[in-house]
Amino acid sequence: MNEIELKLCDIQGRLFELSVDNNLDSMSFVKKFMLSETAKDLDSEYNRMQWAGEEYLLEEVTSKEDINQNKNAEVISKEIMYWIGYIYRYWHYYTGESSAKIYKQASFKTMKRNYMMFHTMDPVLAIEDLKEINNQ
């Protein structure tokens, strides 16, 4: 993992955190982001979106996706959201899989449920364990 890839993992983690600050429904945000054109752009070998900050990325996603933002929204902690965003992007660089394929293997519910066990692990070990859970 090179410095640029690690920086992009951090940006995606901060993007997921920013969804909490904006009171966006966490499950809806994660699913819609991971299946979005924006995530697909970030998966590219090179795309201008990779150099956008998290604020711009959030605006890009929310302008195209209807994400629940009201008092009934389930908003989880920033720490969990950061980890989910970071691991998803790390997973892409580790395996080369698309965001959509990654999400099919590890949905928001899977990531949220396994956060306590995996958040202190090396990202590669966490990804391997998440892939194993999916295969069971």
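Which residues touch the most other members of the largest nonpolar core, out of the 40 residues in it? They are Phe-16, Phe-29, Val-30, Phe-33, Trp-83, Ile-84 and Tyr-88, where a nonpolar core is a set of buried Ala, Val, Leu, Ile, Met, Phe, Trp, Tyr and Cys residues joined through side-chain atoms within 4.5 Å. Buried, in turn, means under 20% relative accessible area, with exposed over 50% and partly exposed in between, for a 1.4 Å probe and protein chains only.

Before I go on, please keep in mind that this is a predicted model, in which local features need pLDDT of at least 70 and side-chain atom pairs count only at pLDDT 80 or more, while totals for chains, interfaces and linings use all residues. Residues are numbered from 1 along each chain as its sequence is written, and side-chain values use heavy atoms, with hydrogens and water left out.

Staying with the core, at least two residues each are supplied by H1, H2, helix H3 (37-43), helix H4 (54-64), H5, helix H6 (99-105), helix H7 (108-118) and helix H8 (123-135), and the largest share, 10 residues, comes from H5. Helices here are DSSP runs of H or I with at least four residues, numbered from the N terminus.

Let me turn to one pair of helices. Helix H1 (residues 3-21) and helix H2 (residues 26-34) pack at an angle of about 140°, and their axes are 10 Å apart; the axes are lines fitted to C-alpha atoms over the stretch in contact, and angles run from 0 to 180 degrees between N-to-C directions. H1 and H2 are therefore oblique to each other, since angles under 35 degrees count as roughly parallel, over 145 as roughly antiparallel, 65 to 115 as roughly perpendicular and the rest as oblique. On the H1 side, Gln-12, Leu-15, Phe-16 and Ser-19 meet Phe-29, Val-30, Phe-33 and Met-34 of H2, contact meaning heavy atoms within 4.5 Å.

Ser-19, which has its place in helix H1, is buried, with a relative accessible area of 0%. Leaving aside neighbours within four places in sequence, Ser-19 is in contact with Leu-24, Phe-29, Leu-58 and Met-81.

Finally, consider Gly-85, which lies in helix H5 (residues 78-95) and counts as buried at 0% relative accessibility. Gly-85 and Phe-16 are 69 residues apart in sequence, yet 5.6 Å apart in space, C-alpha to C-alpha. Not counting residues up to four places away in sequence, Gly-85 touches Gln-12, Gly-13 and Phe-16.
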